[in-house]
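Hello,

Here is the structure I promised to pass on to you. Have a look at it first, and my notes follow below.

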Amino acid sequence: MAANSSNSKQANTRRKATQTFLLCAAMLALLGTSDPATRFSEIGHRMMCICGCNQILLECNHVGCPASDGMRNELTAALNRGDSDGLVEQSFVQKYGPTVLAAPTTKGFDRAAYIMPVAALIFGFGLIVLVIRSWKNRPAPALADGLISVRGAELEQFRDQARKETDL
Amino acid sequence: MAEIGSFALLLALALSVYSFLAGLIALVFQANASQAQSPQLALKPAGQATSRSATSNPTLSASYDSSLAAMLRQGSERIGETARRAGIATFGAVLLASIILVICAFHDDFSIAYIFHHSNRDLPGPYKFAVLWSGQEGSLLFWSLLLAAYGFVLRLRYKTDPRLFAYASVILAGVQIFFLLLLNFAAHPFAIMQGTIPADGNGLNPLLQYPEMVIHPPMLYLGYVGFTVPFAFALGALIMKYPGEKWIQITRRWTMVTWAFLTCGVFLGAHWAYSVLGWGGYWGWDPVENASLMPWLAGTAFLHSVMMQEKRGMLKMWNMWLVFATFWLAILGTFLTRSGIISSVHAFAQSSIGDWFAWFLAITLITFLIFFFKNKSHLRSEHKLESLVSRESSFLFNNLLFVLLTFTVLWGTWFPKISELVQGNKVTVGAPFYNRVAVPVALLLLILTAVGPLLAWRKTSIESLKRNFMWPTIGAIAVAIFLMVTPQGWGSAFGLKPWRDISYFYSLMAIALSVLVTLTVASEFYRGGRVIAKHTGQGMFASMVQLTHRNTRRYGGYIVHFGVVVVIIGFAGAAFNQDKEQEMGYGDKMTLGPYTLICRSYTDDDGPNYASEWALLDVYKGGKQIGTMTPVRRFYKASQQTSTMPDIRSTLNEDLYLVFEGINPDNGHPILKAHLNALVMWIWMGVWIMLGGTILALVPNAPVPARVPAPARLERAHPAPVATGD
């Protein structure tokens, strides 16, 4: 009985800790997102000016730009209407084309842009593991006649000695 | 003049072709001579003689073959020497062509189309010199000149290892032929204008009329072109199955020099973008910028992994691939810049020569693949990995991350084109993509930069790692906490709340890891210095200087790491940037961060090369005037283009960056944009430190004082040799 009660208490504590953690994480994630100026800056930095200057919308710096002023006004209007981030981006894409977004989306083929580096990392990591395995399994290089390879505890002893004598 | 220039280019092509063919013939004959000599005299078993006379009289046959081999060798040596001299003369011919083009620019010879398109009479002298690399034909000529100059040095130093240098010389001549073919038949810098000679030229692109543009392209090109030399050595060593690792030592030094030039070129480009383009940033992830970053990343990976080959005879195949990839990516960069296949804001010269580059890239790849698969058995590792916690495995992961970064940049650069091919529409791959993908990888690399130097070759005990790592880790965590709890008013990097924004989190991580790297580097200097101080009785500083001088490569490398850390801190400052745009009439005020700007005046000016509009602003901080700033906008008459000249006031904490954006047509008031860019100066300081470390690493080591071995200790045990180096 005592063991069951203790287990139940532990499970309860774990559940509460998990809930607290999730709540904190959600609060942290939501911090600052409701501020219109922050949203304007965030969304504006996820878009490009389409005048050909190849700059982020909010960084386009030339006076008389035929595009950026209008685009900024549209963004402000959309945020004032209370449009969600996704809706704002979608309406810009519909009007100006997909190049208006400063980075590929996470939908359709665009996902490949993000998947490939991760796949390359996993592939590279796997390759390293294979290389390390093959190296570890390789027989020790042959020694000249009469010499016996030093291994195991004896090798460790020599290593310790060398470390002590050459320790910087 | 144009005729002499054209003739010089043709002569250079002829000399290069001769150098390539004669060098090749000499190498083939040399190989045959050694084959003819060695088996007959030493190895050939009885009964396998090839000639009739050999069957009847083996002694006579051996003597005949020996003299034939000697004749072949002598003949091939003579031919090889003429090839070497032709290679040297190529430099003279290309130099002559380059000098003539520059003279034509200074003489305003607009009968030459290139000069007409890239210069004008009122262009200041230094920019007339820079005309040489301001357009496509000139920059190809400049590339060819630098390649010839590298070849010139290489061919003069051939005695270091005549056979390897002969192979490298032939490969360099092959690359040189490609560029000279381009210059003679596809992008001729001395092409003559048709019809009437114009009175004045079109002028130089305004963005290029900035003092750094006189240095930035040469540095970048020295880097790009320079990677041809390590590639030539590597391919030469692969073809000849070079015995031993001497070639890798020769290659490493060339790579370090080239890497330093490319580092300088990349960061000068960043500084130019910051100082001229007027958008307040230094890196826009533009394809042309990416083109310079890719060979730099691959070259950096090679400079690390090459140590595995030198110290342990491992990663030979991998290094071969890295050298090739670095060279290939450098050519690919030129292809991207010149072909116009990927749109870029500063691909200053686009044309149809992209096809030539595509073919050249294909030919070099095929050539490399043929020799790699033919001779890869020669590239087997000599040692095995003994432990995961070792310098070897840290280099493996270091290389993985560098190559991953290179791949990410390459993938991001090409993705718009790939997307167009696959789904029929282009997408933009800008800073948000790279921030999301590349920044975490760069942070992982920073961790390895901290851990790697603390690991010993072969195996490191966990206790030793804990001992060496504890204080730097505590220091890094303490700094991170300090930055989080301090008030924001203290400066840009203070009061960092990582939960507010992902960029703050990255910045905090970058700064904390930078502190970790700095402390590990400092502890390496301290521990080494302490040992020397104990043995010599010198002071700590003198001991550390001596330590550095004894192993310049290792400690120079640490200084480079420290420079990288300083640069990273500068990058981390981007999270705290602010900006504001405002129309500024007389006496109008603008406040940004701790600064207040008051417009004192605005006016315009007219010069022979350009007309300018500028504003005069007093800058106040804490109620006290600290200076006056004058952002300018210029209108270049010859090219009919405008360009901004931001005024930047730099401090360690932040840059106040003012841009004259234009004039309100309704009231004539200037419109100014002010940026407050945090920690930017750290980037430029870090680059200087990196270059200082590289130069130090190239300095030969001081001889270590001789020691008398203690016989008693030697008798007691014969410890296994422990690698101490880099």
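Domain bounds here come from an automatic or database domain assignment. On that basis, chain B splits into domain 1 (1-197), domain 2 (205-439) and domain 3 (461-703).

Please keep in mind that this is a predicted model, in which local features need pLDDT of at least 70 and side-chain atom pairs count only at pLDDT 80 or more, while totals for chains, interfaces and linings use all residues. Residues are numbered from 1 along each chain as its sequence is written, and chains are lettered from A and ligands numbered from 1 in the order in which they are written.

The centres of domain 2 and domain 3 of chain B, taken over C-alpha atoms, are 26 Å apart. Between these two domains of chain B, 17 residues of domain 2 are in contact with 24 of domain 3 (C-beta atoms, placed from the backbone, within 7 Å). Helix α10 (residues 246-277) of chain B gives the most to the domain 2 side, with nine residues. Helices are DSSP runs of H or I with at least four residues, strands are runs of E with at least two, and both are numbered from the N terminus.

Strands β2 (residues 589-592) and β3 (residues 595-606) of chain B pair in the antiparallel sense over four bridges (pairing takes at least two DSSP bridges). Leu592(B) stands opposite Tyr595(B) of β3(B). Two residues lie between the strands of this hairpin, and Gly593(B) in the turn has a positive phi of about 55°.

Enjoy exploring!
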